[in-house]
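Work through the exercises below with the sequence and the model side by side. Try each task before reading its solution.

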Amino acid sequence: MQKTEFIQWATQLAINYKPAADVLEKLKHVRVISFVGPTGVGKTTLIHASGLPYVLSDVTRDKREGEKDDHDYHFKNNYEEILADIKQGQYVQFVINTNHEFYGTRANQYPDGGVCAMAIIAKAIPQFRTLGFADILPIYILPPSYVEWMHRIGSARSSDLEARFTEARESLPIALADPTYHFVLNDNIEDAVDDIKLIAEGKPIAEHRDFLARQTAELLIGRLGEI
């Protein structure tokens, strides 16, 4: 099966997709800390640094520089296998993003209970909220500045850059309009991890750090509108 054909099938199946009953039962005991934000802001680094159990997603896109299979994502190209698991309800959720790539999480990647962390695209958060998790807590991760973000992703191919800009243009307005989102500025790993741990415990982060993170989000939207 070719990738384009798989994406067409997955797009249709996503419309009425429901996980199997045993999968839904498992989710009732799981609390998800969802890390949201465009590629290059440090989501995976912060997840690992926070020490939270990490749920890996299956993806069909190519690996980017520095990414490792079964560490950052499960990179998949066996499309028949993915479709079979979709039809059996073994995915918790899946989405086809704006760049026509599949992102999904299998039930066996989640813990049997307690808290876990995962990188989730903003477009998928509403779907997660319908699945009966004990809690969904979205945290939007931001780079220190637009210039630093450009420095981090500057070596990417032009097609990858446009995909990252598209992701940011889509996710930033969603997050800023949703009062359940928290914002963390990844200017220093130790400070960012401290903020994440406070949020996970239901505690507020320092007011000035919350302000800087939200201000950076607004500035990024402005800069992305110029590209």
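Two strands pair if DSSP finds at least two bridges between them. Helices (H or I, at least four residues) and strands (E, at least two) are DSSP runs, numbered from the N terminus. This is a predicted model, in which local features need pLDDT of at least 70 and side-chain atom pairs count only at pLDDT 80 or more, while totals for chains, interfaces and linings use all residues. Residues are numbered from 1 along each chain as its sequence is written, and side-chain values use heavy atoms, with hydrogens and water left out.

**Exercise 1.** Find which residue of strand 7 is the bridge partner of Val-36, and describe how strand 1 pairs with strand 6.

Solution.
- Step 1: In strand 7 (residues 135-142), Tyr-140 is the bridge partner of Val-36.
- Step 2: Strands 1 and 7 are parallel, with 6 bridges.
- Step 3: Strand 1 also runs parallel to strand 6 (residues 114-119), joined by 6 bridges. Val-30 has Gly-114 as its bridge partner there.
- Step 4: Of the 7 residues of strand 1 (residues 30-36), 6 are buried (under 20% relative accessible area; exposed is over 50%, partly exposed in between; 1.4 Å probe, protein chains only).

**Exercise 2.** Locate Glu-101 and state which side chain it joins in a polar contact of 2.8 Å.

Solution.
- Step 1: Glu-101 sits in the loop between strand 4 (91-96) and strand 5 (102-106).
- Step 2: Its relative accessible area is 15%, so Glu-101 is buried.
- Step 3: The side chain of Glu-101 makes this contact with that of Thr-60. A polar contact is a pair of N or O atoms within 3.5 Å; within protein, one must be able to donate a hydrogen and the other to accept it, and residues adjacent in sequence count only if both atoms are side-chain atoms.
- Step 4: A polar atom of the Glu-101 side chain also lies 3.2 Å from the backbone nitrogen of Arg-61.

**Exercise 3.** Classify the ring pair of Tyr-17 and Phe-94.

Solution.
- Step 1: Rings of Phe, Tyr and Trp (its six-membered ring) pair if their centres lie within 6.5 Å; planes under 30 degrees apart count as stacked, over 60 as edge-to-face and the rest as tilted. The count by this rule is 12 aromatic pairs.
- Step 2: For Tyr-17 and Phe-94 the centres are 4.9 Å apart and the planes at 65°, so the pair is edge-to-face.
- Step 3: Tyr-17 is in the loop between helix 1 (3-14) and helix 2 (21-27) and Phe-94 is in strand 4, so the pair ties together parts 77 residues apart in sequence.
- Step 4: Both Tyr-17 and Phe-94 are buried.
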